[in-house]
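Subject: Structure handover and notes

Hello,

Here is the structure for your files. My notes follow below it.

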Amino acid sequence: MFLKGVLNKILQWPRLLKYRMLSTATISGSKPRINQPVLFNGVGQIFCGNNVSFGVGASPSFFSQYGYLEVRHTSAHITIGDNVAINNNCCFISNGAGITIGDYCCLGVNVTILDSDFHSLDPVARLNKRPGMNKAVIIGANVFIGNNVLILKGATIGDNSVVAAGSVVSKDIPSNVIAAGNPCEIKRELGPMES
Ligand SMILES: CC(C)(COP(=O)(O)OP(=O)(O)OC[C@H]1O[C@@H](n2cnc3c(N)ncnc32)[C@H](O)[C@@H]1OP(=O)(O)O)[C@@H](O)C(=O)NCCC(=O)NCCS
């Protein structure tokens, strides 16, 4: 077990270095624990609270892929609270409105969060490269987001809620519920004695 941990570190280290060298964005707040490579790009603000981690060795794609955070414009921002655990292959892209992830959230593999459509919905404007609408994404505290979840512009998720694997969140999910599906909808309220 110890040997496997050491081997993991030795094999991952060159990849971590490569993605660090390729990154253009700076991170304010505390230094996150980066287990899987993450590319931090853009000119906006990325803030990490205390004890934020990216990547899990005992999860898929740890050695083959990488996380991606982009703050595309100076007004763009991604704010991650304290004690947030983010599994492999996250993709968070802020075009301006901002992405906020609350304290104690845990995110599964392949979670994507976007605060913009990036391309106009109007066909002519789109041909003229007009950008799409931006709307902030706000995720509360202690939210559990399953694998392969996509969270779109303007979505909010309340404290303690669980978003089931494979969901597409495009609207507001309140606190203390389990929500699932595409579009992601409330399945039930969380009880006091959930396992
Ligand atoms: C949501 C989850 C936690 C299960 O919660 P649960 O309350 O035990 O689940 P239930 O089986 O009672 O499901 C409640 C309802 O949600 C539905 N549901 C559960 N998971 C779903 C999913 N991923 N997509 C769509 N619907 C889902 C169930 O079919 C059920 O629907 P119904 O009420 O219409 O019958 C689980 O399905 C899940 O998605 N876990 C995340 C796993 C994961 O990705 N972990 C991260 C590893 S790093």
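Helices (H or I, at least four residues) and strands (E, at least two) are DSSP runs, numbered from the N terminus. Residue numbers start from 1 along each chain as its sequence is written. The model is predicted, so local features need pLDDT of at least 70, side-chain atom pairs count only at pLDDT 80 or more, and totals for chains, interfaces and linings use all residues; side-chain values use heavy atoms, with hydrogens and water left out.

Helix and surface patch

Helix α1 covers residues 2-22 and contains Ile-10. Ile-10 is exposed, at 53% relative accessible area. On that scale, buried means under 20%, exposed over 50%, and partly exposed in between (1.4 Å probe, protein chains only). Together with Phe-2 and Val-6, Ile-10 makes a nonpolar surface patch of about 330 Å². Patches are made of residues with over 30% relative accessible area and no salt bridge; like charges are joined within 9 Å, and nonpolar side chains (Val, Leu, Ile, Met, Phe, Trp, Tyr) within 5 Å. Accessible areas come from the Shrake-Rupley method with a 1.4 Å probe, and for residues only the protein chains shown count as cover.

Ligand

- A backbone N or O atom of Asn-147 is 2.7 Å from an oxygen atom of the ligand.
- A polar backbone atom of Ala-165 is 2.7 Å from a nitrogen atom of the ligand.
- An N or O atom in the side chain of Arg-188 is 2.7 Å from an oxygen atom of the ligand.

On its own the ligand has 920 Å² of accessible area, of which the protein covers 46%.

Salt bridges

Side chains of opposite charge can pair when their charged atoms come close. The structure holds 3 salt bridges (a side-chain nitrogen of Lys or Arg within 4 Å of a carboxyl oxygen of Asp or Glu).

Arg-188 is partly exposed at 40%, and Glu-194 is partly exposed at 35%.

Asp-117 and Lys-153 meet through their side chains at 3.0 Å, N to O. This pair links distant parts of the chain, 36 residues apart: Asp-117 is in the loop between β12 (112-114) and α2 (123-127), and Lys-153 is in the loop between β15 and β16 (156-157). Asp-117 is partly exposed at 27% relative accessibility, as is Lys-153 at 22%.

Arg-72 and Glu-70 form a salt bridge at 2.8 Å, N to O. Arg-72 is partly exposed at 33%, whereas Glu-70 is buried at 11%.

Backbone and loops

Most residues other than glycine have a negative phi, and most peptide bonds are trans. A cis peptide bond, with omega about 0°, joins Asn-182 and Pro-183. Pro-183 lies in the loop between β20 (177-180) and β21 (185-189).

Asn-142 has a positive phi, near 55°. Asn-142 sits in the loop between β13 (137-139) and β14 (144-145) and is partly exposed at 42%. Asn-148 also has a positive phi, of about 60°. Asn-148 is in the loop between β14 and β15 (150-151) and is partly exposed at 44%.

Ala-155 lies in the loop between β15 and β16 and is buried, with a relative accessible area of 0%. The C-alpha atoms of Ala-155 and Ile-138 are separated by 6.7 Å, the two residues being 17 apart along the chain.

Regards

How values were computed:
A polar contact is a pair of N or O atoms within 3.5 Å; within protein, one must be able to donate a hydrogen and the other to accept it, and residues adjacent in sequence count only if both atoms are side-chain atoms.
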